[in-house]
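Come along and keep the structure in view as you read.

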Amino acid sequence: MKPLGPIPSGYTAIDGVLAIAGRKATELVAEAGVTPLFVYSRDLLTARVAALRAAMPERLSIHYAVKANPYGPLLKHMLGLVDGFDIASGGELSIVRAAGVDPARVSFAGPGKRDAELEAAIAAGATLNLESEGEASRALAIAERVGVRPRLAIRVNPDFDLKGSGMKMGGGAKPFGIDAERVPALARKLLAAGADWQGFHIFAGSQALSADAIIETQGQTLALAARLAEETGVPLPKCNLGGGFGIPYFPGDEPVDIGAVGEALAERFADLPEVLRDTAFCIELGRYLVGEAGVYLATVVDRKESHGEIYLVTDGGLHHQLAASGNFGTVVRRNYPSAIATRFDAPVEEEASIVGCLCTPLDRLADKGGFPWADVGDIVAIFCAGAYGASASPAMFLGQGPAAEMLV
Ligand SMILES: *Cc1c(COP(=O)(O)O)cnc(C)c1O
């Protein structure tokens, strides 16, 4: 039997059935009228942001990285919880605006911004995190033409990365950001051009569980921001310190000690160099805020045996849960937390694999896990489905189409 990842806290059983936000999965499925279904819990989102705020220094703003989950009702809920939204495309700009987010609270990073996207962001008053000198020139020209003073920040490609992070986004050659040594010259150029200077965006990695690694990276980030601001010659107005807080997906993973991270950051904030004295700091988090608040529910449509192995074949699959299938940037396939939602408090009775309905061997949601005996009509739950699920999976593969989503 292969171990399953740890089920996040906040989920209970009612009459033996998995309950999400106090409601039985079977009830939620009946209400949606369909599986596969993503369910996101308002209470868990609210509790997560509150716990994070309690742990972090008050001076630190919290931004939500929309790419983790751009579902409209979820964004509307986040609107009342976080200070800002970080987007990475013109499409996400439209999505956050439709959810009622004030563009002044939005910053737009990401390589390959097209002119139309730059124009939409500048005209709306969002901040652009510039990814290259070329993009900076295009942004300035567009702002001139539109007649708006552009809010511009520079995304720095740091010369370090977040240790132990699942996806490295800094250190060495990268398509993201501008190499640190070229940043002060560009910042001076933006200031000279009369841009509304918004400071630096320094993102060094994702999905780190080690508080020590995050603390070390934040120290390096602050030191780099101070050095670059010093060389630019003006105090730094804002600094996005990146994020990278991970969540436990796999057996043995432990949650980030946010208390330790917050204490270390508070100490550093108490002892900032002159150029950072009045800087407004933020972090941008995606999966940490929303990942554990979501569950993916799918119905077992077939139970079969092959060479002694049990397969629970569901109506879901990697077209909604690419990450759980191990095909979204993972090296070794390991099991996400998963369960039989309709037998949530039953003991383990057999070894089974939960697979999807796609005709590819990649479509495996849980490999040889220990589960209660389950059959056609049972509902399976894949946890940690609040981030990089629906919007980060190839929904059109094999003509399947998107899953339903619901916020409760
Ligand atoms: C993807 C991304 C994030 C969010 O990453 P998480 O691991 O979900 O927290 C934040 N900032 C940038 C620049 C990103 O590309």
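This is a predicted model: local features need pLDDT of at least 70, side-chain atom pairs count only at pLDDT 80 or more; totals for chains, interfaces and linings use all residues.

Entry 1: Before anything else I needed a definition: buried means under 20% relative accessible area, exposed means over 50%, and partly exposed is what falls in between. I found Arg333 in the loop between β17 and β18 (338-340).

Next I asked which residues Arg333 is in contact with, leaving aside its neighbours within four places in sequence. My list reads Ala324, Ser325, Gly326, Arg364, Leu365, Ala366 and Asp367.

**Entry 2: the whole protein.** I stepped back and noted 10 helices and 22 strands. The C-alpha atoms fill a box of roughly 70 × 45 × 35 Å along the principal axes. For 408 residues, a compact globule would have a radius of gyration near 22 Å, and the protein agrees with its own 22 Å. Of those 408 residues, 57% count as buried. I then took the contacts between residues at least 6 apart in sequence and found that 74% of them join residues at least 24 apart.

**Entry 3: helix α6.** I wanted to know how far apart the end C-alpha atoms of α6 are. Helix α6 has 14 residues (133-146), which at 1.5 Å a residue should span 20 Å; the ends are 20 Å apart, so expectation and model agree.

Which residues of α6 are buried? I wrote down Glu135, Ala136, Ala139, Leu140, Ile142 and Ala143. They cover an arc of only 165 degrees around the axis, so they sit on the same side of α6. On the face turned away from the buried side I found the exposed residues Glu144 and Arg145.

What do the buried residues of α6 pack against? I traced them to α5 (115-124), β8 (127-130), β9 (151-157) and α7 (183-192). I looked at both ends of the helix too. At the start of α6, a side-chain oxygen of Ser132 comes to within 3.3 Å of the backbone nitrogen of Gly134. After α6 comes Gly147, with a positive phi near 80 degrees.

**Entry 4: Thr232 in another helix.** Thr232 belongs to helix α8 (residues 211-232). Is Thr232 buried or exposed? Its relative accessible area is 7%, so I marked Thr232 as buried. Its side chain reaches the backbone oxygen of Leu228 at 2.6 Å. Beyond four places in sequence, I found Thr232 in contact with Pro184, Ala187, Arg188, Leu191 and Phe200.

**Entry 5: two residues with annotations.** The unreviewed UniProt entry gives Lys67 the annotation "modified residue: N6-(pyridoxal phosphate)lysine". I located Lys67 in the loop between β5 (60-65) and α3 (72-79). At 42% relative accessibility, Lys67 counts as partly exposed. Setting aside neighbours within four places in sequence, Lys67 is in contact with Glu92, Tyr388 and Ser391.

In the unreviewed UniProt entry, the annotation "active site" covers Cys359. Cys359 is in the loop between β19 (350-355) and β20 (364-371), and its 77% relative accessibility makes it count as exposed.

His307 is not a glycine either, but has a positive phi of about 45 degrees. I found His307 in the loop between β16 (294-306) and β17 (309-314), and at 84% relative accessibility it counts as exposed.

My last stop was the peptide bond from Thr35 to Pro36, which is cis, with omega near -5 degrees. Pro36 has its place in the loop between α1 (25-32) and β4 (37-40).

How values were computed
Residues are numbered from 1 along each chain as its sequence is written. Side-chain values use heavy atoms; hydrogens and water are left out. Helices (H or I, at least four residues) and strands (E, at least two) are DSSP runs, numbered from the N terminus. The expected span of a helix is 1.5 Å times one less than its number of residues. Buried means under 20% relative accessible area, exposed over 50%, partly exposed in between (1.4 Å probe, protein chains only). The arc is that of the directions from the helix axis to the C-beta atoms. Contact means heavy atoms within 4.5 Å. A polar contact is a pair of N or O atoms within 3.5 Å; within protein, one must be able to donate a hydrogen and the other to accept it, and residues adjacent in sequence count only if both atoms are side-chain atoms. UniProt positions are given in the numbering used here, feature names are shortened, and annotations may be inferred rather than shown by experiment. The radius of gyration is taken over C-alpha atoms; the globule rule is 2.2 Å times the number of residues to the power 0.38.
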